[in-house]
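Visitor: Could you walk me through this model, starting with the strands and then the rings?

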Amino acid sequence: MGHVLRVPKFDLSALLSQQNPHIDLRVDNYETSTRNFLRAVVNYTLTAQAEITQRKNAYLHEKKRLTEKIQSHEQETNACKVRELELIAELDREREERKKAELSVVQLERQLATIREQGSQLDAEIEQKRAVVMDLQRERNRERSILDTYAARTTPELIEFETRLQCYIEGIEKDKVLVRFTHIAKTDLNREFSVVIDVSSNMYKVPTTSPALPTLPILLDELNETRDVYAFIKQVRQAFEHLVVHGR
């Protein structure tokens, strides 16, 4: 409860009966009380201002903290949004890549099916070719057997023929036969004379002789008429002998 100023009671009759009436107003007490009041007001004002300043500073600090926190949250939110967009884009890329991969798998499966089908066809063709090769091998073996039989029958005749004519018959290039003669030049029995016979077609050909024979065209025409190769070789030897003796 606040202090209540009480006005002192005095006797007015007694006061007036005095020679010098005087009322004590207690001015000193009033001034002291006034100073104390003013001091209390100043102290209250300073305290209130300090409290207000403190609360203001605290409010500003809290506001700054909340603002920074809000900004931090906004930055995190924006970062999350950016990351979300990146994840969405990455997901879209993965979906596209998966779609492409699935298409590639489908294409590879089709190619594999085609390759398997082609492989089956190739296997069938290989089996057919194996059968053809086996038939050809059997035919070749049969022909070789015939040739061996023919060679066994003609080899003695060929040896006798080579011995009598002093010549050597051998195959050189494909479908060509080389006939080499010796004992033609009496001064040099080892000197060789040769002729190459081409039997690759129905018409016999003589691409080369060593030395050249002037009568070769006549002998070749007769060979193609008679088809007698042995007789042709005899005639060629005689032509070489005539060439050595007469020099032309």
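**Sheet, rings and surface**

Guide: Asp198 stands opposite Lys205 in β4. This is a predicted model: local features need pLDDT of at least 70, side-chain atom pairs count only at pLDDT 80 or more, and totals for chains, interfaces and linings use all residues. Residues are numbered from 1 along each chain as its sequence is written, and side-chain values use heavy atoms, without hydrogens and water.

Visitor: How many residues apart are Phe193 and Phe240?
Guide: Their rings form a tilted pair, 5.3 Å centre to centre with 45° between the planes. Rings pair if their centres lie within 6.5 Å; planes under 30 degrees apart count as stacked, over 60 as edge-to-face and the rest as tilted. Phe193 is in strand β3 (residues 193-198) and Phe240 in helix α4 (residues 229-246), 47 residues apart.

Visitor: Is Phe37 buried or exposed?
Guide: Phe37 lies in helix α2 (residues 27-165). Buried means under 20% relative accessible area, exposed over 50%, partly exposed in between (1.4 Å probe, protein chains only). At 54% relative accessibility, Phe37 is therefore exposed.

Terms used
Phe/Tyr/Trp six-rings, centres within 6.5 Å; stacked < 30°, edge-to-face > 60°. Helix = DSSP H or I, 4+ residues; strand = E, 2+ residues; numbered from the N terminus. Pairing = 2+ DSSP bridges.
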